[in-house]
Amino acid sequence: IKSIRDLATGFDSSRKDQKAILPKSNVLTYEFTNGCVITLRPSGTEPKLKYYIEHAGKDPGCTLKELHSMARVLIMEMLQPIKNGLKYHLP
């Protein structure tokens, strides 16, 4: 993990002063060394965790593979659905 931004607390490890410049909200963002960015937030209407994964690449097939790999890392290693009793779907 290259940097973490937690808008609930106003923390941003990518900034020199470690203060987020975006307004406070219930959003957590991870930037990875491979350029991938994962943002998590709770659903506003359902008991769900929403996540968004961004990644740029020259080859669409390779980029999609990398996105799927990062989704698996997020779900299985970071959220640990089995340990935490969460329902999940892998891409």
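**Salt bridges, sheet and helix**

Asp17 has a relative accessible area of 44% and is therefore partly exposed; here buried means under 20% relative accessible area, exposed over 50%, and partly exposed in between, with a 1.4 Å probe and protein chains only. Its partner in a salt bridge is Arg15, with the closest N and O atoms 3.7 Å apart. Arg15 is partly exposed, at 32%. A salt bridge is taken as a side-chain nitrogen of Lys or Arg within 4 Å of a carboxyl oxygen of Asp or Glu.

Before going further, I note that this is a predicted model, in which local features need pLDDT of at least 70 and side-chain atom pairs count only at pLDDT 80 or more, while totals for chains, interfaces and linings use all residues. Residues are numbered from 1 along each chain as its sequence is written, and side-chain values use heavy atoms, leaving out hydrogens and water.

The structure holds 3 salt bridges. Another of them joins Glu46 and Lys48, again with 3.7 Å between the closest N and O atoms. Glu46 is partly exposed at 36% relative accessibility, and Lys48 is partly exposed at 47%. There is also a salt bridge between Glu31 and Lys2 (3.7 Å, N to O). Glu31 belongs to strand β3 and Lys2 to the segment before β1 (3–6), so this pair ties together parts 29 residues apart in sequence. Helices (H or I, at least four residues) and strands (E, at least two) are DSSP runs, numbered from the N terminus.

Let me turn to the sheet. What is the order of its strands? The sheet is open, has 5 strands in the order β2-β1-β3-β4-β5, and shows antiparallel pairing; two strands pair if DSSP finds at least two bridges between them. At the edges are β2 (11–12) and β5, each pairing on one side only. β4 and β5 are joined in the antiparallel sense over 6 bridges, and Thr39 stands opposite Tyr52 in β5.

Helix α1 packs on this sheet, touching β3 (28–31), β4 and β5, where contact means heavy atoms within 4.5 Å. The helix comprises residues 60–79. Its buried residues are Thr63, Met70, Ala71, Leu74 and Ile75. What covers these buried residues includes β4 (37–42), β5 (49–54) and α2 (81–84). Finally, just after α1, Gln80 takes a positive phi of about 45 degrees.

Notes
The expected span of a helix is 1.5 Å times one less than its number of residues. Axes are lines fitted to C-alpha atoms, for helices over the stretch in contact, and angles run from 0 to 180 degrees between N-to-C directions.
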